[in-house]
Amino acid sequence: MSLVLFAGYGGVSDGIGSFSTGDFKISAGSGLRFFIDPKDRLSVRLDFGWGSDGMSVYILAGEAY
């Protein structure tokens with residue numbers, strides 16, 4: 001098992017012309033990783049994230065990379 005911390009700051013736009021850093025949003029969170037098969041990098045993730053829209057909980061199998 002391991003503990004992770006994450007944070008992000010960014011935004012999206014439908015085109016370069018409408019891109020504005022004033023619309024950027026911040027997010028942060030923490031999570032736990034339970035390793036089921038470390039050789040194949042199979043794990044279960046339990047993440048808690050906070051952002052401008054509130055809090056979210058994620059439960060996922062596998063890794064993002």
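Student: Accessible areas here come from the Shrake-Rupley method with a 1.4 Å probe, and for residues only the protein chains shown count as cover. What share of the accessible surface of the protein belongs to carbon and sulfur atoms?

Tutor: This is a predicted model, in which local features need pLDDT of at least 70 and side-chain atom pairs count only at pLDDT 80 or more, while totals for chains, interfaces and linings use all residues. Residues are numbered from 1 along each chain as its sequence is written, and side-chain values use heavy atoms, with hydrogens and water left out. The accessible surface comes to about 5100 Å², and the part belonging to carbon and sulfur atoms is 63%.

Student: Which elements make up the protein, and in what order do they run?

Tutor: Helices (H or I, at least four residues) and strands (E, at least two) are DSSP runs, numbered from the N terminus. The protein has 0 helices and 4 strands. From the N terminus on, the order is therefore β-β-β-β.

Student: Is D47 buried or exposed?

Tutor: Buried means under 20% relative accessible area, exposed over 50%, and partly exposed in between (1.4 Å probe, protein chains only). Of the 65 residues of the protein, 12% count as buried. D47, which lies in strand β3 (residues 42-51), has a relative accessible area of 5%, and therefore D47 is buried.

Student: With which side chain does the side chain of D47 make a polar contact?

Tutor: A polar contact is a pair of N or O atoms within 3.5 Å; within protein, one must be able to donate a hydrogen and the other to accept it, and residues adjacent in sequence count only if both atoms are side-chain atoms. Leaving aside neighbours within four places in sequence, D47 is in contact (heavy atoms within 4.5 Å) with residues including V4, F6, S30 and Y58. The polar contact, at 2.6 Å, is with the side chain of R33.

Student: What is the relative accessible area of F34?

Tutor: F34 has its place in strand β2 (residues 25-37). Leaving aside its neighbours within four places in sequence, F34 is in contact with M1, L42, S43 and V44. F34 is partly exposed, with a relative accessible area of 35%.
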